[in-house]
Amino acid sequence: MHIPREGLFNRFFSRTTRRPSHPAPALTAQALPPTRKDVTRKQGQTASAKHQVIEEAAEPADGEAPVLTATLQHKFVTRIHGKYYNLEGFKHPGGPVALSLIGGRDGTPLFESHHPFTSQDKLQAILGKYLIPDQEAEPQATALAAMIDEHEDGGHYEWADGDAFESELKHKVKDYFRKEADRRGVSLLEATKATPQRWMEIAFMWIMFACTVPSLVSGEWWALVVTPVLSWIWMVNFWHDACHFALSSRWWINASVPYLGPWFSSPTTWYHQHVIGHHSYPNVGHKDPDLAHAPSYLREHASVRWRAIHGVQHRWWRVGFVWSIGVGIGLHIAADAKLLLTHSYNRVVPAMPTMRTAPTIAAHVMGRAVYVATTFLWPWLVFDSQVKALIFATVPIGIFSVLFMVNSQINHLTPDTAHAFSSNFWRHQVVTAQDFGTDGSSLHRLFCFFMSGGLNYQVEHHLFPTVCHCHHAA
(Lines give C-alpha, C1' and ligand atoms only; values in the text may rest on other atoms or scores of the structure.)
Protein backbone atom coordinates (compact mmCIF):
# COMPACT_ATOMS: atom_id res chain seq x y z
CA MET A 1 0.00 0.00 0.00
CA HIS A 2 2.32 2.67 -1.32
CA ILE A 3 1.28 6.07 0.03
CA PRO A 4 2.45 8.86 -2.28
CA ARG A 5 4.62 11.49 -0.67
CA GLU A 6 2.48 14.27 -2.10
CA GLY A 7 -0.36 12.93 0.03
CA LEU A 8 -0.09 11.86 3.65
CA PHE A 9 3.71 12.04 3.91
CA ASN A 10 3.84 15.49 2.32
CA ARG A 11 1.64 16.90 5.07
CA PHE A 12 4.03 15.41 7.59
CA PHE A 13 7.10 16.84 5.86
CA SER A 14 5.56 20.31 5.80
CA ARG A 15 5.29 20.26 9.60
CA THR A 16 8.59 18.64 10.50
CA THR A 17 12.22 19.40 9.86
CA ARG A 18 13.17 16.34 7.88
CA ARG A 19 16.95 16.33 8.07
CA PRO A 20 19.80 18.49 9.33
CA SER A 21 21.67 20.51 6.72
CA HIS A 22 24.92 18.75 7.52
CA PRO A 23 25.86 15.39 9.07
CA ALA A 24 25.94 15.51 12.83
CA PRO A 25 26.49 12.86 15.45
CA ALA A 26 23.35 10.85 16.02
CA LEU A 27 21.44 11.67 19.16
CA THR A 28 21.43 8.94 21.73
CA ALA A 29 19.08 8.34 24.62
CA GLN A 30 21.61 9.92 26.94
CA ALA A 31 21.50 13.15 24.89
CA LEU A 32 17.73 13.45 25.06
CA PRO A 33 15.73 14.63 28.07
CA PRO A 34 13.70 11.83 29.65
CA THR A 35 10.05 11.95 28.70
CA ARG A 36 8.72 9.61 31.35
CA LYS A 37 9.87 8.26 34.67
CA ASP A 38 11.90 5.10 34.25
CA VAL A 39 12.75 2.54 36.85
CA THR A 40 15.97 3.51 38.61
CA ARG A 41 19.11 1.93 37.24
CA LYS A 42 22.08 1.11 39.37
CA GLN A 43 25.29 2.59 37.97
CA GLY A 44 28.10 0.18 37.30
CA GLN A 45 25.76 -2.78 37.15
CA THR A 46 27.50 -6.11 36.84
CA ALA A 47 26.73 -8.89 34.40
CA SER A 48 25.34 -10.99 37.23
CA ALA A 49 22.95 -8.19 38.19
CA LYS A 50 21.64 -8.03 34.63
CA HIS A 51 20.64 -11.66 34.77
CA GLN A 52 19.40 -11.76 38.32
CA VAL A 53 16.67 -14.28 39.02
CA ILE A 54 13.30 -12.68 39.65
CA GLU A 55 9.92 -13.82 40.80
CA GLU A 56 7.74 -15.65 38.34
CA ALA A 57 4.15 -14.57 37.72
CA ALA A 58 1.60 -17.35 37.50
CA GLU A 59 -1.01 -17.37 34.74
CA PRO A 60 -3.58 -14.74 35.75
CA ALA A 61 -7.31 -15.12 35.44
CA ASP A 62 -9.38 -12.37 33.84
CA GLY A 63 -9.35 -9.27 35.99
CA GLU A 64 -6.63 -10.60 38.30
CA ALA A 65 -3.05 -9.40 38.60
CA PRO A 66 -0.13 -11.85 38.33
CA VAL A 67 0.77 -13.72 41.49
CA LEU A 68 4.49 -14.06 42.16
CA THR A 69 5.18 -17.67 43.00
CA ALA A 70 8.49 -19.18 41.95
CA THR A 71 11.67 -18.05 40.29
CA LEU A 72 12.33 -17.48 36.63
CA GLN A 73 15.05 -16.02 34.47
CA HIS A 74 13.93 -12.75 32.94
CA LYS A 75 13.18 -14.12 29.47
CA PHE A 76 9.46 -13.41 29.91
CA VAL A 77 9.77 -10.02 31.58
CA THR A 78 9.69 -6.89 29.47
CA ARG A 79 9.15 -3.18 29.87
CA ILE A 80 6.55 -1.42 27.73
CA HIS A 81 5.94 2.31 28.15
CA GLY A 82 7.70 2.29 31.51
CA LYS A 83 5.69 -0.58 33.02
CA TYR A 84 6.92 -4.10 33.63
CA TYR A 85 5.11 -7.22 32.46
CA ASN A 86 5.75 -10.90 33.02
CA LEU A 87 4.46 -12.64 29.90
CA GLU A 88 5.03 -16.16 31.17
CA GLY A 89 2.12 -18.29 29.99
CA PHE A 90 0.87 -15.81 27.40
CA LYS A 91 -0.07 -17.58 24.16
CA HIS A 92 0.93 -14.89 21.71
CA PRO A 93 -0.52 -15.19 18.17
CA GLY A 94 3.01 -14.59 16.87
CA GLY A 95 4.24 -17.62 18.74
CA PRO A 96 7.14 -18.02 21.17
CA VAL A 97 9.53 -16.31 18.76
CA ALA A 98 7.61 -13.04 19.02
CA LEU A 99 7.76 -13.14 22.82
CA SER A 100 11.47 -13.98 22.82
CA LEU A 101 12.27 -10.76 20.96
CA ILE A 102 11.15 -8.49 23.83
CA GLY A 103 12.18 -10.64 26.79
CA GLY A 104 14.70 -8.96 29.08
CA ARG A 105 14.63 -5.64 27.23
CA ASP A 106 12.49 -2.57 26.62
CA GLY A 107 9.91 -3.86 24.16
CA THR A 108 8.12 -0.57 23.48
CA PRO A 109 9.26 0.01 19.87
CA LEU A 110 8.61 -3.61 18.88
CA PHE A 111 5.27 -3.63 20.66
CA GLU A 112 4.10 -0.52 18.84
CA SER A 113 5.35 -1.45 15.37
CA HIS A 114 3.99 -5.01 15.51
CA HIS A 115 0.43 -4.08 16.54
CA PRO A 116 -0.51 -1.17 14.26
CA PHE A 117 -4.05 -2.37 13.51
CA THR A 118 -5.08 -3.47 17.01
CA SER A 119 -6.89 -0.96 19.20
CA GLN A 120 -5.01 0.35 22.22
CA ASP A 121 -7.91 -0.60 24.46
CA LYS A 122 -7.61 -4.24 23.43
CA LEU A 123 -3.84 -4.23 23.76
CA GLN A 124 -3.95 -2.68 27.22
CA ALA A 125 -6.64 -5.14 28.34
CA ILE A 126 -4.37 -8.04 27.36
CA LEU A 127 -1.23 -6.51 28.85
CA GLY A 128 -3.07 -5.68 32.05
CA LYS A 129 -3.35 -9.38 32.87
CA TYR A 130 0.44 -9.67 32.98
CA LEU A 131 1.32 -6.39 34.67
CA ILE A 132 3.69 -6.71 37.61
CA PRO A 133 1.96 -4.59 40.28
CA ASP A 134 3.87 -1.62 41.61
CA GLN A 135 3.92 -3.00 45.14
CA GLU A 136 5.66 -6.11 43.83
CA ALA A 137 7.87 -4.38 41.30
CA GLU A 138 9.15 -1.70 43.65
CA PRO A 139 11.24 -3.96 45.91
CA GLN A 140 12.76 -5.46 42.77
CA ALA A 141 13.17 -2.17 40.93
CA THR A 142 16.94 -2.42 40.71
CA ALA A 143 16.89 -6.04 39.57
CA LEU A 144 14.19 -5.39 36.98
CA ALA A 145 15.90 -2.28 35.65
CA ALA A 146 19.16 -4.18 35.44
CA MET A 147 17.52 -6.48 32.92
CA ILE A 148 16.98 -3.56 30.57
CA ASP A 149 20.27 -2.71 28.94
CA GLU A 150 21.33 0.93 29.09
CA HIS A 151 21.08 1.18 25.30
CA GLU A 152 17.37 0.38 25.26
CA ASP A 153 14.55 2.91 24.75
CA GLY A 154 14.58 4.62 28.12
CA GLY A 155 13.15 7.85 26.74
CA HIS A 156 14.64 7.90 23.24
CA TYR A 157 11.22 8.34 21.66
CA GLU A 158 8.36 10.49 22.89
CA TRP A 159 5.29 8.25 22.90
CA ALA A 160 2.48 10.77 22.67
CA ASP A 161 -1.17 9.77 22.49
CA GLY A 162 -3.24 11.24 19.68
CA ASP A 163 -0.41 12.06 17.27
CA ALA A 164 -2.13 13.22 14.07
CA PHE A 165 0.38 11.64 11.69
CA GLU A 166 0.32 8.28 13.45
CA SER A 167 -3.46 8.21 13.69
CA GLU A 168 -4.07 9.14 10.07
CA LEU A 169 -1.41 6.75 8.84
CA LYS A 170 -2.80 3.76 10.71
CA HIS A 171 -6.38 4.63 9.78
CA LYS A 172 -5.68 4.84 6.05
CA VAL A 173 -3.66 1.63 5.91
CA LYS A 174 -6.09 -0.32 8.09
CA ASP A 175 -8.96 0.87 5.91
CA TYR A 176 -7.13 -0.40 2.82
CA PHE A 177 -6.61 -3.86 4.33
CA ARG A 178 -10.16 -4.02 5.67
CA LYS A 179 -11.43 -3.57 2.11
CA GLU A 180 -8.88 -6.08 0.84
CA ALA A 181 -10.01 -8.60 3.48
CA ASP A 182 -13.63 -8.17 2.43
CA ARG A 183 -12.74 -8.57 -1.23
CA ARG A 184 -10.80 -11.79 -0.64
CA GLY A 185 -13.04 -13.15 2.09
CA VAL A 186 -10.28 -13.43 4.67
CA SER A 187 -9.50 -11.90 8.04
CA LEU A 188 -7.79 -8.53 8.37
CA LEU A 189 -4.64 -10.29 9.61
CA GLU A 190 -4.54 -12.66 6.64
CA ALA A 191 -5.07 -9.78 4.25
CA THR A 192 -1.75 -8.25 5.36
CA LYS A 193 0.26 -11.41 4.62
CA ALA A 194 1.44 -13.04 1.38
CA THR A 195 -1.33 -13.55 -1.14
CA PRO A 196 -1.85 -16.87 -3.00
CA GLN A 197 -0.25 -15.24 -6.03
CA ARG A 198 2.78 -14.32 -3.95
CA TRP A 199 3.16 -17.90 -2.73
CA MET A 200 3.08 -19.09 -6.35
CA GLU A 201 5.75 -16.56 -7.29
CA ILE A 202 7.95 -17.73 -4.41
CA ALA A 203 7.50 -21.36 -5.49
CA PHE A 204 8.44 -20.46 -9.07
CA MET A 205 11.57 -18.61 -7.89
CA TRP A 206 12.56 -21.66 -5.84
CA ILE A 207 12.16 -23.97 -8.86
CA MET A 208 14.35 -21.69 -10.96
CA PHE A 209 17.04 -21.69 -8.29
CA ALA A 210 16.81 -25.42 -7.57
CA CYS A 211 17.24 -26.27 -11.27
CA THR A 212 20.69 -24.66 -11.26
CA VAL A 213 22.03 -26.36 -8.12
CA PRO A 214 23.05 -29.65 -9.85
CA SER A 215 25.01 -27.62 -12.40
CA LEU A 216 26.77 -25.70 -9.63
CA VAL A 217 27.70 -28.89 -7.78
CA SER A 218 28.96 -30.49 -11.01
CA GLY A 219 31.23 -27.50 -11.60
CA GLU A 220 29.64 -25.79 -14.61
CA TRP A 221 31.03 -22.29 -14.81
CA TRP A 222 27.81 -20.52 -15.80
CA ALA A 223 26.20 -21.70 -12.56
CA LEU A 224 28.93 -19.92 -10.61
CA VAL A 225 27.06 -16.67 -11.29
CA VAL A 226 23.50 -17.73 -12.11
CA THR A 227 22.94 -19.88 -9.01
CA PRO A 228 23.76 -17.22 -6.40
CA VAL A 229 21.73 -14.60 -8.30
CA LEU A 230 18.67 -16.86 -8.43
CA SER A 231 19.30 -17.86 -4.82
CA TRP A 232 19.24 -14.21 -3.81
CA ILE A 233 16.04 -13.48 -5.75
CA TRP A 234 14.30 -16.47 -4.16
CA MET A 235 15.49 -15.92 -0.60
CA VAL A 236 15.02 -12.16 -0.38
CA ASN A 237 11.42 -12.52 -1.55
CA PHE A 238 10.38 -14.74 1.37
CA TRP A 239 13.12 -14.83 4.02
CA HIS A 240 12.95 -11.21 5.13
CA ASP A 241 9.15 -11.20 5.36
CA ALA A 242 9.11 -14.42 7.38
CA CYS A 243 11.46 -12.99 10.01
CA HIS A 244 9.09 -10.03 10.37
CA PHE A 245 6.06 -12.33 10.80
CA ALA A 246 4.80 -10.88 7.51
CA LEU A 247 4.79 -13.96 5.29
CA SER A 248 1.99 -15.94 6.90
CA SER A 249 -0.66 -15.52 9.60
CA ARG A 250 0.57 -18.85 11.04
CA TRP A 251 3.50 -18.23 13.37
CA TRP A 252 5.12 -21.63 12.83
CA ILE A 253 5.45 -20.97 9.11
CA ASN A 254 7.18 -17.65 9.74
CA ALA A 255 9.47 -19.33 12.27
CA SER A 256 10.34 -22.32 10.08
CA VAL A 257 10.84 -21.17 6.49
CA PRO A 258 13.88 -18.90 7.19
CA TYR A 259 15.86 -22.10 7.79
CA LEU A 260 15.34 -22.95 4.11
CA GLY A 261 17.58 -20.03 3.13
CA PRO A 262 20.97 -20.72 4.74
CA TRP A 263 22.89 -18.18 2.67
CA PHE A 264 20.94 -15.22 4.02
CA SER A 265 21.74 -15.43 7.73
CA SER A 266 21.08 -17.35 10.88
CA PRO A 267 17.48 -16.42 11.75
CA THR A 268 18.48 -15.97 15.40
CA THR A 269 21.27 -13.58 14.48
CA TRP A 270 18.96 -11.71 12.11
CA TYR A 271 16.35 -11.23 14.82
CA HIS A 272 18.99 -9.50 16.95
CA GLN A 273 20.50 -7.39 14.20
CA HIS A 274 17.52 -6.46 12.12
CA VAL A 275 14.21 -6.95 13.91
CA ILE A 276 15.24 -5.95 17.44
CA GLY A 277 18.06 -3.51 16.79
CA HIS A 278 17.70 -1.88 13.40
CA HIS A 279 13.91 -1.59 13.21
CA SER A 280 13.62 -0.22 16.74
CA TYR A 281 16.30 2.44 16.32
CA PRO A 282 17.16 2.98 12.62
CA ASN A 283 20.26 5.15 12.18
CA VAL A 284 20.53 5.92 15.89
CA GLY A 285 24.15 5.83 16.95
CA HIS A 286 25.08 3.10 19.45
CA LYS A 287 21.62 1.56 19.13
CA ASP A 288 21.30 0.52 15.49
CA PRO A 289 23.79 -2.36 14.94
CA ASP A 290 23.75 -1.78 11.17
CA LEU A 291 25.82 1.38 11.62
CA ALA A 292 28.94 -0.44 12.77
CA HIS A 293 29.24 -3.77 10.98
CA ALA A 294 32.81 -3.14 9.83
CA PRO A 295 34.00 0.03 11.62
CA SER A 296 37.64 -0.86 10.98
CA TYR A 297 37.00 -0.71 7.24
CA LEU A 298 34.04 1.59 6.57
CA ARG A 299 32.71 4.63 8.41
CA GLU A 300 29.18 5.47 7.28
CA HIS A 301 27.86 7.27 10.34
CA ALA A 302 29.15 9.92 12.74
CA SER A 303 28.74 7.54 15.68
CA VAL A 304 31.66 5.47 14.34
CA ARG A 305 35.04 6.75 15.48
CA TRP A 306 37.12 8.06 12.60
CA ARG A 307 40.30 6.18 11.76
CA ALA A 308 43.01 7.07 9.27
CA ILE A 309 42.11 4.01 7.22
CA HIS A 310 38.69 5.54 6.51
CA GLY A 311 40.43 8.09 4.31
CA VAL A 312 40.52 5.56 1.45
CA GLN A 313 37.16 3.90 2.04
CA HIS A 314 35.68 5.57 -1.06
CA ARG A 315 37.84 3.51 -3.40
CA TRP A 316 35.89 0.91 -5.35
CA TRP A 317 38.17 -1.99 -4.48
CA ARG A 318 37.77 -1.33 -0.78
CA VAL A 319 33.98 -1.14 -0.92
CA GLY A 320 33.90 -4.18 -3.19
CA PHE A 321 36.02 -6.22 -0.79
CA VAL A 322 33.92 -5.34 2.26
CA TRP A 323 30.67 -5.94 0.42
CA SER A 324 31.83 -9.30 -0.95
CA ILE A 325 32.60 -10.71 2.53
CA GLY A 326 29.89 -8.81 4.41
CA VAL A 327 27.43 -11.72 4.45
CA GLY A 328 29.56 -14.85 4.10
CA ILE A 329 32.19 -13.91 6.68
CA GLY A 330 30.84 -10.88 8.51
CA LEU A 331 27.18 -11.64 9.13
CA HIS A 332 27.38 -15.43 9.20
CA ILE A 333 30.58 -16.00 11.15
CA ALA A 334 32.15 -12.92 12.77
CA ALA A 335 29.00 -11.21 14.06
CA ASP A 336 27.50 -14.57 14.98
CA ALA A 337 30.55 -15.58 17.02
CA LYS A 338 30.62 -12.26 18.85
CA LEU A 339 26.93 -12.67 19.70
CA LEU A 340 27.63 -16.04 21.31
CA LEU A 341 30.80 -14.96 23.09
CA THR A 342 29.78 -11.51 24.31
CA HIS A 343 26.01 -12.02 24.59
CA SER A 344 25.56 -8.85 22.56
CA TYR A 345 25.13 -8.08 18.87
CA ASN A 346 27.61 -5.42 17.72
CA ARG A 347 27.80 -4.28 21.35
CA VAL A 348 24.38 -2.60 21.17
CA VAL A 349 21.73 -5.34 21.16
CA PRO A 350 21.75 -7.62 24.24
CA ALA A 351 21.29 -11.28 23.41
CA MET A 352 17.93 -12.90 23.98
CA PRO A 353 17.88 -14.69 27.34
CA THR A 354 17.29 -17.97 25.45
CA MET A 355 20.74 -17.58 23.86
CA ARG A 356 22.27 -18.46 27.24
CA THR A 357 20.89 -21.99 27.43
CA ALA A 358 23.08 -24.93 26.44
CA PRO A 359 20.54 -26.54 24.05
CA THR A 360 20.02 -23.27 22.20
CA ILE A 361 23.74 -22.63 21.89
CA ALA A 362 24.37 -26.20 20.71
CA ALA A 363 21.63 -25.99 18.08
CA HIS A 364 22.91 -22.62 16.92
CA VAL A 365 26.51 -23.83 16.59
CA MET A 366 25.31 -26.91 14.70
CA GLY A 367 23.42 -24.67 12.29
CA ARG A 368 26.55 -22.59 11.68
CA ALA A 369 28.51 -25.80 11.02
CA VAL A 370 25.97 -26.84 8.39
CA TYR A 371 26.28 -23.41 6.80
CA VAL A 372 30.08 -23.61 6.62
CA ALA A 373 29.95 -27.13 5.19
CA THR A 374 27.36 -26.34 2.50
CA THR A 375 28.98 -23.04 1.54
CA PHE A 376 32.76 -23.37 1.88
CA LEU A 377 33.70 -27.04 2.36
CA TRP A 378 31.75 -28.99 -0.27
CA PRO A 379 33.85 -27.81 -3.30
CA TRP A 380 37.01 -29.26 -1.73
CA LEU A 381 35.31 -32.65 -1.53
CA VAL A 382 33.97 -32.54 -5.09
CA PHE A 383 36.65 -30.99 -7.30
CA ASP A 384 40.18 -32.30 -7.87
CA SER A 385 41.52 -28.86 -8.74
CA GLN A 386 42.24 -26.77 -5.65
CA VAL A 387 41.92 -23.59 -7.70
CA LYS A 388 38.45 -24.57 -8.88
CA ALA A 389 37.49 -25.58 -5.35
CA LEU A 390 38.62 -22.17 -4.05
CA ILE A 391 36.62 -20.35 -6.73
CA PHE A 392 33.42 -22.33 -6.12
CA ALA A 393 33.82 -21.91 -2.35
CA THR A 394 34.11 -18.13 -2.47
CA VAL A 395 32.57 -16.64 -5.62
CA PRO A 396 28.91 -17.72 -5.16
CA ILE A 397 28.62 -16.44 -1.59
CA GLY A 398 30.60 -13.34 -2.62
CA ILE A 399 28.07 -12.53 -5.35
CA PHE A 400 25.21 -13.19 -2.95
CA SER A 401 26.83 -10.85 -0.42
CA VAL A 402 27.24 -8.02 -2.94
CA LEU A 403 23.57 -8.33 -3.94
CA PHE A 404 22.62 -8.15 -0.27
CA MET A 405 24.68 -5.03 0.31
CA VAL A 406 23.54 -3.25 -2.85
CA ASN A 407 19.89 -3.75 -1.96
CA SER A 408 20.21 -2.82 1.71
CA GLN A 409 22.78 -0.05 2.10
CA ILE A 410 21.02 2.45 -0.16
CA ASN A 411 17.90 2.26 2.00
CA HIS A 412 19.31 4.12 5.00
CA LEU A 413 22.96 5.11 4.66
CA THR A 414 22.59 8.09 2.34
CA PRO A 415 23.45 11.77 2.89
CA ASP A 416 19.76 12.54 3.34
CA THR A 417 18.87 9.77 5.77
CA ALA A 418 21.96 8.71 7.71
CA HIS A 419 21.70 11.40 10.39
CA ALA A 420 18.01 12.25 10.20
CA PHE A 421 16.10 12.13 13.46
CA SER A 422 12.67 12.55 15.00
CA SER A 423 11.67 11.93 18.59
CA ASN A 424 8.38 10.54 17.28
CA PHE A 425 8.81 6.83 16.53
CA TRP A 426 6.64 6.80 13.41
CA ARG A 427 8.13 9.93 11.91
CA HIS A 428 11.60 8.64 12.67
CA GLN A 429 10.87 5.60 10.51
CA VAL A 430 10.06 7.93 7.61
CA VAL A 431 12.98 10.34 7.79
CA THR A 432 15.63 7.62 8.20
CA ALA A 433 14.48 5.45 5.27
CA GLN A 434 14.54 5.91 1.52
CA ASP A 435 12.56 4.28 -1.27
CA PHE A 436 14.19 3.50 -4.60
CA GLY A 437 13.09 2.08 -7.93
CA THR A 438 9.45 3.03 -7.36
CA ASP A 439 9.27 5.37 -10.37
CA GLY A 440 10.00 4.96 -14.05
CA SER A 441 8.80 2.29 -16.45
CA SER A 442 6.82 -0.75 -15.35
CA LEU A 443 9.77 -2.99 -16.23
CA HIS A 444 12.14 -0.91 -14.12
CA ARG A 445 9.80 -0.95 -11.12
CA LEU A 446 9.24 -4.70 -11.48
CA PHE A 447 12.98 -5.37 -11.69
CA CYS A 448 13.74 -3.34 -8.56
CA PHE A 449 10.83 -4.92 -6.71
CA PHE A 450 11.86 -8.54 -7.32
CA MET A 451 15.61 -7.97 -7.08
CA SER A 452 15.22 -6.27 -3.70
CA GLY A 453 12.39 -8.43 -2.36
CA GLY A 454 10.34 -5.29 -1.82
CA LEU A 455 13.15 -3.56 0.08
CA ASN A 456 12.85 -0.72 -2.43
CA TYR A 457 9.69 0.29 -0.55
CA GLN A 458 11.71 0.88 2.58
CA VAL A 459 9.62 3.65 4.14
CA GLU A 460 6.47 1.57 3.90
CA HIS A 461 8.28 -1.46 5.27
CA HIS A 462 9.60 0.38 8.31
CA LEU A 463 6.20 1.78 9.12
CA PHE A 464 4.48 -1.61 8.80
CA PRO A 465 7.09 -4.38 9.11
CA THR A 466 4.49 -7.11 9.68
CA VAL A 467 2.85 -6.40 6.30
CA CYS A 468 4.09 -8.58 3.42
CA HIS A 469 6.02 -6.55 0.90
CA CYS A 470 3.75 -7.71 -1.93
CA HIS A 471 1.27 -5.06 -0.70
CA HIS A 472 3.65 -2.11 -0.52
CA ALA A 473 3.17 -0.91 -4.07
CA ALA A 474 -0.65 -0.95 -3.85
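Tutor: Start with Asn 346, which sits in the loop between S5 and strand S6 (349-350). Keep in mind that this is a predicted model.

Student: Why is Asn 346 called buried?

Tutor: Its relative accessible area is 13%. Buried means under 20%. The value falls under that cut-off, so Asn 346 is buried. Asn 346 also has a positive phi of about 50°, although it is not a glycine.

Student: What makes His 343 partly exposed?

Tutor: His 343 has a relative accessible area of 25%. Partly exposed lies between the 20% limit for buried and the 50% limit for exposed. The value is in that range, so His 343 is partly exposed. This residue lies in the loop between H15 and strand S5 (344-345). His 343 is not a glycine, yet its phi is positive, about 60°.

Student: Which residue takes a positive phi just after H19?

Tutor: Gly 453 does, at about 60°.

Student: Which residues of helix H19 are buried?

Tutor: In H19 (residues 442-452), they are Cys 448, Phe 449, Met 451 and Ser 452. Their cover includes helix H10 (196-217), helix H11 (223-236) and helix H17 (386-409).

Student: How do you know that Cys 448 is buried?

Tutor: Its relative accessible area is 11%.

Student: How many disulfides does the structure hold?

Tutor: It holds 0. A disulfide is a covalent bond between the sulfur atoms of two cysteines. To count here, a pair of cysteine sulfur atoms must be within 2.5 Å.

Student: Why is Val 275 called buried?

Tutor: Its relative accessible area is 0%, under the 20% cut-off, so Val 275 is buried. Val 275 is found in helix H14 (residues 267-278). Leaving out residues up to four places away in sequence, Val 275 touches Leu 101, Leu 110, His 114, Cys 243, His 244, Trp 270 and Ser 280. Val 275 and Leu 110 are 165 residues apart in sequence, but 8.2 Å apart in space, C-alpha to C-alpha.

Student: What makes up the largest nonpolar core?

Tutor: It has 63 residues. Those with the most contacts inside it are Leu 87, Leu 101, Trp 232, Phe 238, Phe 264, Phe 400 and Phe 404. H15 gives the most to this core, with 7 residues. A second, separate core has 19 residues, including Phe 165, Leu 169, Phe 425 and Val 430. In soluble globular proteins, nonpolar side chains tend to be buried together.

Student: What does Phe 404 contact beyond its neighbours within four places in sequence?

Tutor: Phe 404 is in contact with Trp 232, Phe 264, Trp 270, Val 327 and Leu 331.

Student: Which residues form a nonpolar patch on the surface?

Tutor: Tyr 297, Phe 321, Ile 325, Ile 329 and Ile 333 form it. Together they have about 420 Å² of accessible area.

Student: How much of the protein is buried?

Tutor: Buried residues make up 53% of the 474 residues.

Notes: Residues are numbered from 1 along each chain as its sequence is written. This is a predicted model: local features need pLDDT of at least 70, side-chain atom pairs count only at pLDDT 80 or more; totals for chains, interfaces and linings use all residues. Side-chain values use heavy atoms; hydrogens and water are left out. Patches are made of residues with over 30% relative accessible area and no salt bridge: like charges are joined within 9 Å, nonpolar side chains (Val, Leu, Ile, Met, Phe, Trp, Tyr) within 5 Å. Accessible areas come from the Shrake-Rupley method with a 1.4 Å probe; for residues, only the protein chains shown count as cover. A salt bridge is a side-chain nitrogen of Lys or Arg within 4 Å of a carboxyl oxygen of Asp or Glu. Buried means under 20% relative accessible area, exposed over 50%, partly exposed in between (1.4 Å probe, protein chains only). Helices (H or I, at least four residues) and strands (E, at least two) are DSSP runs, numbered from the N terminus. Contact means heavy atoms within 4.5 Å. A nonpolar core is a set of buried Ala, Val, Leu, Ile, Met, Phe, Trp, Tyr and Cys residues joined through side-chain atoms within 4.5 Å.
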